[in-house]
Amino acid sequence: MAERMESVERAVDVVIEKTGGKIRLAMPLGLGKPNRFVNALYRRVETDSSLSLDIFTALSLGRPGAGSDLEKRFLGPFAERVFADYEELAYLKPAKKSTLPANIRVYEFFFQPGSMLGSDSAQQHYISSNYTHVARDLNARKINVVAQLLAHRSVDGSDQYSFACNPEVTLDLMPLLLARREAGETILSVGQIHRDLPFMENDARVDDWLPHMDLLVDDPEGHTRLFSTPNMPVNVQDHFVGLHASTLIRDGGTLQIGIGALGDALVHHLRLRDQDNERYLRPLQAWGLAESQQQIIAAEGGTGVFREGLYGCSEMVTHGLLQLVHDRIIRRPVYDWEALQQLEMHEPTQPGLALLDALREQSAISRRLDRAQLRTLKRFGIFREAVSKQGDQLELPNGVRIANDLDDRATREALKAVFGDRLRGGIVMHGGFFLGPETFYQRLRELDDEQRAAINMTRISYVNHLYGDEGLKRLQRQDARFVNTAFTVTLLGAGVADQVDDGRVLSGVGGQYNFVSQAHELEGARSILMVRAWRERASEAMSNVVFGYGHNTIPRHLRDVVVTEYGVADLRGKTDEEVVMAMLNVSDSRFQVDLMAEARAAGKLRKDYQIPEAHRRNNPEHLHEIAARCGDASFPLFPLGTDFTETEQRVLKALTWLKEKVGHKEYVELGSKALFHEGSEAEFAEELARMGLKDPDGVKEHLYHRLLLTALEAAC
């Protein structure tokens, strides 16, 4: 039974004593890290060279960093408001700067995107693993301590605990660690309680694992602000990527979405599709869908409202996915009883004699029910709880006993009184971990019992691949659409999402490969990679569609569907030349000629091929024209809400304009011009005040004052 304590320092004492000071610590990715415990452990080892600490984790979250002085002026007050007393991870800054003590090493399988590009230490200690293999790989590294945040609640005086945001690796790892413990190894399990962590039911409940927990820490100083990820702006380019992707989601199907602005855009347009279909269709009609996209929509997707609803199955439960649950777009329940799920595939079922007979036809229950079958029938709400088995008879709530024989006429008549009103135990969303803005956590905390029960945070091996319970998963994941993002895609269909071409890791493969592989294995499923066709840096436009790249996350033999702001490229089963043609059709027109020349030079495209006229207007101006005609309600900057004030939103647009348009070398040149530019100070007084530049002091602040005014006028 777990030892309960209030001090993380006491927990550190126990861990050092039990492990002999040679600590190999595993923690969940993202939100579930017990920051206060690991920081206390880090400080102890940092000051004692006789100890050693190897940390194995992923997605170590830190407050956003600022590049320029202007960005610091913006982020400082915002971070103070949003992150407040959030306790930073002590190892994060030294890991970024490659200055960790010699007796401490940090190994991660997924980075906060872009955060470790400049760290040799982090790059050298990165472990490249598919998400589904992480538990196996951690166990192989001989982990001897596992620690994470736990949610807690008291019900009728009884303490209950939940893995909450991060059961995904823990549930796969714990059986492996317990087997080693039973073989005689010293392995410790530490849970740090956080009172604000949303309590999740189902597989996330710690009940079965509580006897194996060693330390439960409820440090009074450990309940600081949870890390949150504020929603970022969704620009017109992002919106059109999400809009085109939304046409591929089939009603009655399965949905997985990644995090970020593109995912938020997809969620927004799915909501419009269901709630305001006329508005949803306007930009599609104005764009003029190519025949190839019309064909794939007809065959694989749709643009109508969701009459059957979707089932969510995503490694990450995002704010957007929870919004779709709230809107009842994600509402199709699945059941972890294969026989029942098979029946649900055809039409919704209700408790009754017909359902019993159908289950018997599948040999899921027998003519004479045994106790296990009776428990299952009650668990799914087919029978009421009060039905029990007494010898060879069934006892009903009124004390009447009937023959335990489903063919007996009197039994069948009597059972009509004990059927449930509806099926229970349906899950509308399976997820591995969650992370999002504070409003997302608040919404999770406010779920009622029924809503919370319909979301199952569970092990990553269940969500991310088919092996184990494969028959059940195939039934549940009908018409699956696994929607992920990439930053580059090749003309031959390979996707790049985790690593730049010189070998440095941007983020990590995570579960992306898992979902792409599933899409090729599941009948009716598709993998959808969302990619911005181009990017801009220092006023220079660059194509994100390239002929070749030094690395890929998704190899071209697993190519499927690619979506850019210019449409949909269906690549599955196509020849290399057909793939090149499809990718040219969704690339930016500024780069199409050069890309076509590269493909011809490589012998992948016939010499006389010309891009169809319909795809020669792939440019930002065309998108902005359509967006302007359709209005802000179709293309809002923050479709899922924001932590930024209206003033901050305008400043953010200006700073984004500066970052895209101006390189560091050009700041001085633009600044010089800005000094002599007569901007409207009165119009942007609030923005200047927010940045502390309303009354500039000195040359530097006067330069920033004029520079910000220039950007505000250009962007707003």
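The model is predicted, so local features need pLDDT of at least 70 and side-chain atom pairs count only at pLDDT 80 or more, while totals for chains, interfaces and linings use all residues. Residues are numbered from 1 along each chain as its sequence is written, and side-chain values use heavy atoms, with hydrogens and water left out.

Let us begin with the sheet. Eight strands form an open sheet with mixed pairing, in the order β15-β14-β10-β9-β16-β19-β23-β24. Strands here are DSSP runs of E with at least two residues, helices are runs of H or I with at least four residues, and both are numbered from the N terminus; two strands pair if DSSP finds at least two bridges between them. At the edges lie β15 and β24 (567-570), each of which pairs on one side only. Neighbouring strands are turned by 20 degrees against each other on average, direction ignored.

Contact means heavy atoms within 4.5 Å. Axes are lines fitted to C-alpha atoms, for helices over the stretch in contact, and angles run from 0 to 180 degrees between N-to-C directions. Helix α12 lies across β9 (254-257), β10 (311-317), β14 and β15, at about 155 degrees to β10.

Both α12 and β15 return in the second largest pocket, as they are among the elements that give two or more residues to its lining. This pocket holds about 1400 Å³ of space. On a 1 Å grid over the protein atoms alone, a pocket is an open set of points with protein on both sides within 12 Å along at least five of seven lines, a cavity is a set where a 1.4 Å probe fits but cannot get out, and lining residues have an atom within 4 Å of a point. Points are joined across faces, edges and corners, and a volume is the space filled by probe spheres set on them. Of the 49 lining residues, R331, P333, G426, I427 and V428 are the closest to the pocket's centre.

Finally, the whole structure has seven cavities of 30 Å³ or more.
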